[in-house]
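I opened the notebook to go through one model, a piece at a time. My entries follow.

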2 protein chains.
Amino acid sequence: MYIVGVDLGGTEIKTGLVSKDKGIIKKVALPTEAHLGQEKVVENIVETIKMVSEGVENKIEAIGIGSPGSIDRDHGIVRYSPNLPFNNFELAHHISEKVKVPTFVENDANAFTLGEWYFGSAQGMKHFVALTLGTGIGGGVVSHGILITGRDGIGAELGHVIVDPDGPLCGCGSRGCIEAIASARNTARWAKEFSVKIPENKVVELAGGIDKIESKHVFEALKSGDYVAKLVVEKVTDALARAIANYVHIFNPELIVIGGGMSKAGNALIKPIEEKISLYIMPSFRGTFKILPSALVEDAGILGASAAAMYHTR
Amino acid sequence: MYIVGVDLGGTEIKTGLVSKDKGIIKKVALPTEAHLGQEKVVENIVETIKMVSEGVENKIEAIGIGSPGSIDRDHGIVRYSPNLPFNNFELAHHISEKVKVPTFVENDANAFTLGEWYFGSAQGMKHFVALTLGTGIGGGVVSHGILITGRDGIGAELGHVIVDPDGPLCGCGSRGCIEAIASARNTARWAKEFSVKIPENKVVELAGGIDKIESKHVFEALKSGDYVAKLVVEKVTDALARAIANYVHIFNPELIVIGGGMSKAGNALIKPIEEKISLYIMPSFRGTFKILPSALVEDAGILGASAAAMYHTR
């Protein structure tokens, strides 16, 4: 038996045929064509599902869709999603009606978390925290073997834990949320800001101009000991260490797994967090947890979506 | 059938006979006599249990003990407790051996949380957060109907969520933990500090001297609009609002219940937190939760200990 995992993005739909034991068997991608409206997007999703299921149509147990935005997982509804033409749209219903397979929708951060649980670094664990460092910071928590979503299903907003009351303004309206300091986008923003004062630096050089700086250029420049890169990484990892100390004190997890684009920096990101976090955790928590980058990389979306279907049918 | 709840403190043991439906039927108190060693403390605990059980000895289903300090609840062991002569002491075993009733030990913050769940403001809820504002700040969380304790049982350290990286040094070694800013002890400390600069104020007057200031004097002085009291309450409730916003973003609870000595201030404490928290929460969380003071007051310890026995035998 198989699961189909659909990683629904604003520009691309990546869909995979997934075996619980063997992971991804086959995968395809199609443009989302969000500008053509909800019917066209549904059509494209269904098309990818048909492509990966060819020949095993009767062996598909469930379909999982990982979607950005605010999701009502109990009813398979996308409440809203900034880059998709869905507004209180019964996505699961529309897909399952066409494909005749039970369909589940989960927000992408929780899907990532479940993907790490079923296929990644957190396999077999009952207590772990997952963070995705991308444009924003998403999060998910498994505690006592349960995905923590809260009363209305909107919990685990780990990116909006406030770590500095005087920190930068966040998109959510607060100041000093960890997202406002340490997302990939804000990591790039610090580098841009610092480069205005110190224009001769390796980050700008690698990016080919201040405006083109992305977080990856910061970590690349760090390798040659660039001063601006160091300042940025110092700032970002210090805030992450404080946020993670909070999650550790609250959940007493055995793992914090970090995904999203910025996790590709690997040890350049993880090591400084590990060093700083010992300043922020209580002595009784020393040695109780690990911090690891996601092992799923490009497949995290498809595997996460599949894992969401697996979790909700367990 | 009944439960016996033992509220074990450094100076006093308060024990009650508790009915699941009717609450406390009978209660007694004896000095702990911690200075006389562990055997004497055990003897005193057993004595209180016998006193409340008289006549219904055969109807006691379980005994719950709420103890300060670090508790191994799975084995009923007090790992250590600052004001008790217990060091990796098998407290549950020693009590159950003498009384022949299953005995459970839980730390006082979690016991308080469970007490609110079974007997207090959180009855019937699956998602709530409990905070005790005393000498320190303790916490407990029920999420998805489960008490969150983490892999090693040491989670829910809500008092050590860092809300200000430049805040005061905390007993745990970090800076700016909510405990270091907003516990009852630190509320008194701010008032003492401010009173050095502004000695003519109502807080000092009510306390009868700077050194005698307690948090209750701050809230008492607030009633007459005292300037120093206002400054202190502003500082403390702002930090609490930020910490609670973090718990709300993480757990999406329907209630935050506040206990401990300082909760006796009631609305003088709750109202300013409610006002400030709207600055710190994401719009999607508006109206999803309430903040209430504990309704159990003096009986919170006994009811919490009983609830711990009920939870662990459920």
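**Entry 1**

In which sense do strand β1 (residues 2-8) of chain A and β2(A) pair, and over how many bridges? I found an antiparallel pairing over 7 bridges. I counted two strands as paired if DSSP finds at least two bridges between them. Strands and helices are DSSP runs numbered from the N terminus: E over at least two residues for strands, H or I over at least four for helices.

Before going on, I noted the ground rules: this is a predicted model, local features need pLDDT of at least 70, side-chain atom pairs count only at pLDDT 80 or more, and totals for chains, interfaces and linings use all residues. Residues are numbered from 1 along each chain as its sequence is written, chains are lettered from A and ligands numbered from 1 in the order in which they are written, and side-chain values use heavy atoms, with hydrogens and water left out.

Back to the strands. Gly5(A) sits opposite Gly16(A) of β2(A). The two strands make a hairpin, with 3 residues between β1(A) and β2(A). On to the next pair: β2(A) and strand β3 (residues 23-31) of chain A run antiparallel and are joined by 8 bridges. I looked up Lys14(A) and found Ala29(A) in β3(A) as its bridge partner.

Is β2(A) enclosed or open? Of the 8 residues of strand β2 (residues 12-19) of chain A, 6 are buried, so the strand is largely enclosed by the rest of the structure. Here buried means under 20% relative accessible area, exposed over 50%, and partly exposed in between, with a 1.4 Å probe and protein chains only.

**Entry 2: chain A as a whole**

I counted up the secondary structure: chain A has 10 helices and 13 strands. The C-alpha atoms fill a box of roughly 60 × 45 × 35 Å along the principal axes. Of the 314 residues, 60% count as buried.

How does the radius of gyration of chain A fit a compact globule? A compact globule of 314 residues would come out near 20 Å, and chain A has 20 Å, which agrees. The radius is taken over C-alpha atoms, and the rule is 2.2 Å times the number of residues to the power 0.38.

**Entry 3: the mixed sheet**

I traced an open sheet of 5 strands in chain A, in the order β11-β10-β9-β12-β13, with mixed pairing. β11 (146-147) and β13 (290-293) of chain A stand at the edges with a single partner strand each, so one side of each has no neighbour in the sheet. Strand β12 (residues 255-259) of chain A runs parallel to β13(A), joined by 4 bridges. Val257(A) has Leu292(A) in β13(A) as its bridge partner.

I then took strand β9 in chain B. All 6 of the 6 residues of β9 (residues 128-133) of chain B are buried, so this strand is largely enclosed by the rest of the structure. Phe128(B), Ala130(B) and Thr132(B) point one way, and Val129(B), Leu131(B) and Leu133(B) the other way.

What lies beside β9(B)? Strand β10 (residues 137-143) of chain B pairs with β9(B) in the antiparallel sense over 6 bridges. The bridge partner of Phe128(B) in β10(B) is Val142(B). A hairpin through 3 residues joins β9(B) to β10(B). Strand β12 (residues 255-259) of chain B runs parallel to β9(B), with 5 bridges. There, Leu131(B) has Ile258(B) as its bridge partner.

**Entry 4: two loop residues**

Lys100(A) is not a glycine, yet has a positive phi, near 60 degrees. Lys100(A) lies in the loop between α2 (91-99) and β8 (103-107) of chain A. Lys100(A) is exposed, at 68% relative accessible area.

His144(A) has a positive phi of about 55 degrees, and is not a glycine either. His144(A) lies in the loop between β10 (137-143) and β11 of chain A. At 23% relative accessibility, His144(A) is partly exposed.

**Entry 5: cysteines**

I looked for disulfides (cysteine sulfur atoms within 2.5 Å). For Cys170(A), the nearest cysteine sulfur is that of Cys172(A), 3.8 Å away. Cys170(A) is buried, with 7% relative accessible area.
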